[in-house]
Amino acid sequence: MTDNILETKGLTVTFGGLNANDSVNLNVPRGKFVGLIGPNGAGKTTFIDAITGYVPMSAGTATFAGEDIGSLKPHERAERGLVRTFQSLELFEDLSVRDNLLVAAYPTKWYSFILDMLYMTPKDQETEDRVNWALDIMGLTDEADAMPTDLPHGRRKLVGVARALAAKPDLILLDEPAAGLDTAESQKLGQHLREFLDHDMSVFLIDHDMGLVLSVCDYIYVLDFGEIIAEGTPAEVREDPAVKAAYLGAEAGDVQAAAAEAVVGAQSSGGE
Amino acid sequence: MYPAYGFATLRESGQLFLPWFDFIPGPIDVPVRIDAGGPTSALGGLVGALLLSVLLGLALHFFVFGPLRSSPPISKIIASLGVLSYLQAIAAHHFGTRPRRVEGILPDGTIENVFGLGGNLAHDRIALGAIALGVGGVLWAYYRFTMTGLATRAADESSNGAVMLGWSPGRLASINWLISSVITGLAGVLFLDLTALSPAGYTLLIVPALGAALLANLTSPMVAAAGGIAMGMVQSAAARLAGFDWWPEAIPAQGIRSAVPLIVIVLVQISRGHLLPIRTTIVTRPQPRAPLAPRPLLTVALCALVIAWLAATSGGSSEARLVTTLIAAILMLSSVVLVGFLGQVSLANLAFAGIAAYVAVRLASDGTPSEYSIFVVDGPGLPDPLAALLGVVAATVVGLLVALPALRIRGIHLAVVTLAAAAAAAQLVFANPAVVGATAGANTPVPQPEWFGAYVGSRDLATGRSDNTAFTVLVAVFLLTSMLGVLNLRRGMSGRRMLAVRANERSAAALGIDVTGVKLLGFGISAAIAGTSGVMIAYARTVLSIQTWSPFAGITNLTLLFIGGVGSVGGVIIGAILIPAGVLSSSASEGEFLRGAVSGIAMITIAIKFPNGLASLGRPIIDWVKMRWNATDPHGNPRDRGVGDTSGQIEILPVESG
């Protein structure tokens, strides 16, 4: 048995009688890069929402690092090392890029505010280093003191990922980090993402960009109408007839063409 | 409220006062009244009132809320408060503030012993209920069956969608403002039979009204009408319960009556609300800025110098005005934390202050008769600093209680809840014989405060003038410490967490920020600072009276803070300078009226044009000066510092490196 950092068993999310996620069994082995792909409305973001506590699970279990996290609040899950990004830009617009990261990284005690009001909070070098590292790995060091609203869209997406990195995740859940990026930006992002594995992290990625997912993931799950219809290594998924039929469309034999189509779809819809 | 006055004056004298004042001094007279040539009939009065209401409604739509359609909720709240300030000031100017009884249009008489149940039922109540349900039914049918009604509902979901279908959101909004203002005007006239007419009391009717509207989820007119009637019945029943022997005397009937809407609103909102906003409700639009002050210690030191200079050069009533300004500044600081940093619009901060004041005064009382009040209030006679501390603790606890609904209620709904809380606090606490230690509505004498051997009341015991230096120093010390604390909070992690929560609760939680904890922290700190100001207000007076803590006084304070700038200490300074009876005030009542009207208009302008307040206008000026300065710097050294640069502080505060 491998050591799974995240395990879901029979995870089901129901919205008004419709199963957005239907009995999803999914594992993320520690130190691996796992991807989840599926067409628009397949329930990918709902899956992340469910395991991070943003929508309630109707049935099933979610286990993180051996602990059942089903009843924990979102911030409690984040404190345990399960950190997500958002598909839409949900940055803290009033804070500089560095402050966006610092606020995610700094540890809090109940008495922190007293120290803050007295201006006696000790500087936490470890946290500062972590923030600098996260800025560096995403190539944002030069923009650290800018306000997020002053950055172009692609850079802001990177701030979102850097901010999640600053929060010391054991497993980082990336919700369409490449949506809205151009091809070059998307490829560059893919190179960064593999580096995360060298820093005691596991990565779970959902994206429309088939090219990105197939190139960076160790293992891929395919979701359609809320159900897992296929899983395997990128090579296996690429050749899976069920995937070709359900996700790529019956007539699309060429995965790359479908991938390009998916990117266009992501850009034009901007969300699901 | 205003159309009700229109009805009243038409009936009494045949005059209709228009909702503005003769704003141009000098020979040109702006017409402010229309004379109908003698008292009109009830119908004439009603028509006049409705026309007035429609005029007001359309003016609000075109000049205030139309331009604000795509602004963040906080701007709309500010504008609403501005409108409220303006109309209250105008009404007070035209009609005075004393409550008056006006004969309305509802039938007189009562049905005795209804259904043999022993109670009486007045005709006007039946008529009112029927009208409410009738209006609700007509509205329901209108929005259900007509194309305009359908388009309105569609535009509410998506204004762009409605545009694509050929409906102008602006025109739809005008139609709905028209409908709304007719109903509001009608309601204003109908209420005359039930309650006395006064600018403040009438306006508070908004609390149960919004309770009913929220009950209907702001969508169903029938549920709102029925809910409103049901809530009135519960209120009456609850008030009647208080007449029984077993009812604890500590809860007055009027208090329970005013608490019912609060409880209903809170329960409804909590049952519907989410701890975190759900995916579809997330809207990110710019909020008023909360800029980082580059050098907190310098800022506070400068303030200290200015205060010291003002205190040294003033005496008598001008020193009293200085102290009033300083106390108002403390209260505004409490709003900076809650509204500026955390983005939670609270109209209850003055109520927090009042709670601290009453607790502190009561705990310090020892039954010694006061020369300023006929009431003798007994109490444990605790030392004043301890009593003050316990007062602040009590305010903090109440602040945390008010924070509980805020965990699930956001935006304008939260503002309404806090207004309801402030109204309930007035009846439950400040008018409560068990708390004030005398009969309801009595003025509680404030014992002469003494801190560590020094007398710190505002009144100089030798001269009888309100310029005791020890008190000025005490207030200044509290103001400066709170100011430094708030500035440090902003540059520390706790303040940044508040801004993060204000910007986006969902992503804050995703990064491990405890949104609930941060909100409780904000409410706690804010209520504690507000409580401090409350104790100071108590010390500035010889007796405590309920009017001091009215929700509208609190709104005035917040209004002026918004004009200054809600997110910064600069905003506090500007706001506090503008406060009634503050350093800029004149003693003429005409001046006070103008202040209310003008600050209302200023508030609306701020909301539309300068959401960051007047203080934000200073920044570009400073930057421009700096730019000029840099250009002429003979050594060519860069003098400009980044906003986030705190390196200047590290030399002063060595703890930074520890």
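Modeller: Helix axes here are lines fitted to C-alpha atoms over the stretch in contact, and the angle between two of them runs from 0 to 180 degrees between N-to-C directions. The model is a predicted one.

On that basis, helix 3 (residues 97–105) of chain A packs against helix 5 (residues 125–137) of chain A at an angle of about 130 degrees, and the two axes are 10 Å apart. Helix 3 of chain A is therefore oblique to helix 5 of chain A. Their crossing is right-handed. On the helix 3 side of chain A, the contact is made by Arg98(A), Leu101(A), Leu102(A) and Ala105(A). Helix 5 of chain A contributes Thr127(A), Arg130(A), Val131(A), Ala134(A) and Leu135(A). Sorted by class, this contact between helix 3 and helix 5 of chain A holds six nonpolar residues, one polar residue and two charged residues.

Next, the domains. The domain assignment divides chain A into domain 1 (4–81 + 169–269) and domain 2 (90–164). Between the C-alpha centres of domain 1 and domain 2 of chain A the distance is 26 Å. Where these domains of chain A meet, nine residues of domain 1 are in contact with seven residues of domain 2. On the domain 1 side of chain A, strand 7 (171–175) and helix 7 (183–195) each supply at least two of the residues that touch domain 2. The largest share of that side, three residues, comes from helix 7 of chain A. By class, the domain 1 side of chain A consists of five nonpolar, two polar and two charged residues.

In chain A, four strands make up an open, antiparallel sheet in the order 2-1-4-5. Strand 2 (18–29) and strand 5 (67–68) of chain A are at its edges with a single partner strand each, so one side of each has no neighbour in the sheet. Strand 1 (residues 4–15) and strand 2 of chain A run antiparallel and are joined by eight bridges. Within chain A, Glu7(A) stands opposite Asn27(A) of strand 2.

How values were computed. Residues are numbered from 1 along each chain as its sequence is written. Chains are lettered from A and ligands numbered from 1 in the order in which they are written. This is a predicted model: local features need pLDDT of at least 70, side-chain atom pairs count only at pLDDT 80 or more; totals for chains, interfaces and linings use all residues. Two strands pair if DSSP finds at least two bridges between them. Domain bounds come from an automatic or database domain assignment. Two residues are in contact if their C-beta atoms, placed from the backbone, lie within 7 Å. Ala, Val, Leu, Ile, Met, Phe, Trp, Tyr, Cys and Pro count as nonpolar, Asp, Glu, Lys and Arg as charged, and the others, Gly among them, as polar. Angles under 35 degrees count as roughly parallel, over 145 as roughly antiparallel, 65 to 115 as roughly perpendicular and the rest as oblique. A crossing is left-handed if the near helix is turned anticlockwise from the far one by less than a right angle, and right-handed if clockwise.
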